[in-house]
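Reader: I'm new to this one, so could you walk me through it slowly?
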Amino acid sequence: MVLKGKKILIGISGSIAAYKMPLLVRLLMKEGAEVQIIMTPAARDFVTPLTLSTLSKRPVLTGPFNPVDGTWNSHVDMGNWADLMLVAPASATTLGKMANGIADNLLVTTYLAAVCPVFIAPAMDLDMFQHPSTRQNIKTLQSYGNHLIAPREGELASGLCGAGRLEEPEVILEILRDFFKGIQSWAGKKVLITAGPTVEPIDPVRYISNHSSGKMGYALAEEAIKRGADVTLVSGPVSLPAPSGVTLIKVHTAQQMLEACQKVFDASDLLIMAAAVADYRVAAVSDHKIKKQGGAGTPALDLVENPDIVKTLSAHRNDGQYIMGFALETDNELANAQSKLMSKGMDAIALNSLNEQGAGFGTDTNKVTLIHRSGISYTSGLEPKAGIAGRILDFIEETIVNP
Ligand code: PMT
């Protein structure tokens, strides 16, 4: 299911062909896509927002503000959220506005803010479609890199016959599927990713842990899903929603994380260890809350070493499996990362430093130096973790084919 988890933004403009859109939305939802619909004011005369919100399971947006509570529908957020935007039906007016940057409605502002591929499916009467201004607008939009889903020939609402019918929903679905298949460079790959901290209990109310939020590992899972991989995410306790399409296994301790990984590792092509695993756990976990000692000294905590998950897994790796770990360092950064890369039997390591502002734990951004055991390396700038995830997967792609 190539569309599973894909975030599709649909812009509907005023054309009688809007009646076909509920069917397309239903087909996309059946494939497991997430669908957000924006309508122009004119589109509401042709199909109701209620029908579309019921099918898409999300409110349909028609203006920059929610009329009920006044909240802002951010075109920029939506433009960043989407994996693909489809404008269908695209009326002559909407094509003209898109081609000329006339941002007087939510559909066009979102189109201008969208950083994803955009597909445009025009629908209008024969003569409007043939008009030089419409032809020119379509040409302009294509020259900006937008993809055209050309209208079909056939009987039109006016009774005339010719080109102008919106392509059938089943065909549009197929076009979108083919598009994603084409960019799914990780299709068929099974990827195991760890994320978040582990927590090691001291007693029923206290634990040892660290500041990992899971953001880096979850961003990697999301990126691998986008590239078509089959992703298992083994996560310590974090408050992030599971990226859609991943198999999520929640754990608490390092021992549980190891056991969860061992179940999946053999069948995986790739392991990315982004979790911040506690190196030590308490030797004897108290089964009751440890009380204050009332001036009679302080309790001592005996620690024992946790298993090294990545080292344990890499010792039994199959041919062709690729392992990438992380190194979170505060000093001797490069040397420590290189030594972890070799001693833990990994193919590559992503070094992030707590000395770098905006990098490491909890932040929405990161900066990494990626090192492959062959010596190939790459240093990123400070970027959102989603972008860093892309760099890491690009680096893996490059060093798999060019080790
Ligand atoms: O979750 P965020 O807030 O987004 O923060 C992201 C991050 C900083 C946690 C992440 O980018 C990161 O650096 N993760 C690894 C942190 C870490 O534990 O580094 P380390 O240098 O201690 O360990 C080296 C490697 O061995 C890591 O891949 C780690 O997962 C692995 N390890 C460590 C200990 C252990 N017992 N078993 C392991 O497998």
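Author: Let me begin with a term: contact means heavy atoms within 4.5 Å. This is a predicted model, in which local features need pLDDT of at least 70, side-chain atom pairs count only at pLDDT 80 or more, and totals for chains, interfaces and linings use all residues. Residues are numbered from 1 along each chain as its sequence is written, and side-chain values use heavy atoms, leaving out hydrogens and water.

Reader: Okay, which residues of helix 1 meet helix 2?
Author: From helix 1, Met21, Pro22, Val25, Arg26 and Met29 meet Thr51, Leu52, Leu55 and Ser56 of helix 2, where helices are DSSP runs of H or I with at least four residues, strands are E runs of at least two, and both are numbered from the N terminus.

Reader: And at what angle do the two axes cross?
Author: The axes of helix 1 (residues 21–30) and helix 2 (residues 49–56) cross at roughly 10° and come within 9 Å; axes are lines fitted to C-alpha atoms, for helices over the stretch in contact, with angles from 0 to 180 degrees between N-to-C directions. The two helices are therefore roughly parallel to each other, a label for angles under 35 degrees, while over 145 is roughly antiparallel, 65 to 115 roughly perpendicular and the rest oblique.

Reader: Switching topic, how many helices and strands are there in the protein?
Author: The protein has 13 helices and 21 strands, and its C-alpha trace spans about 90 × 55 × 35 Å along the principal axes.

Reader: How many disulfides does it hold?
Author: The structure holds zero disulfides, a disulfide being a pair of cysteine sulfur atoms within 2.5 Å.
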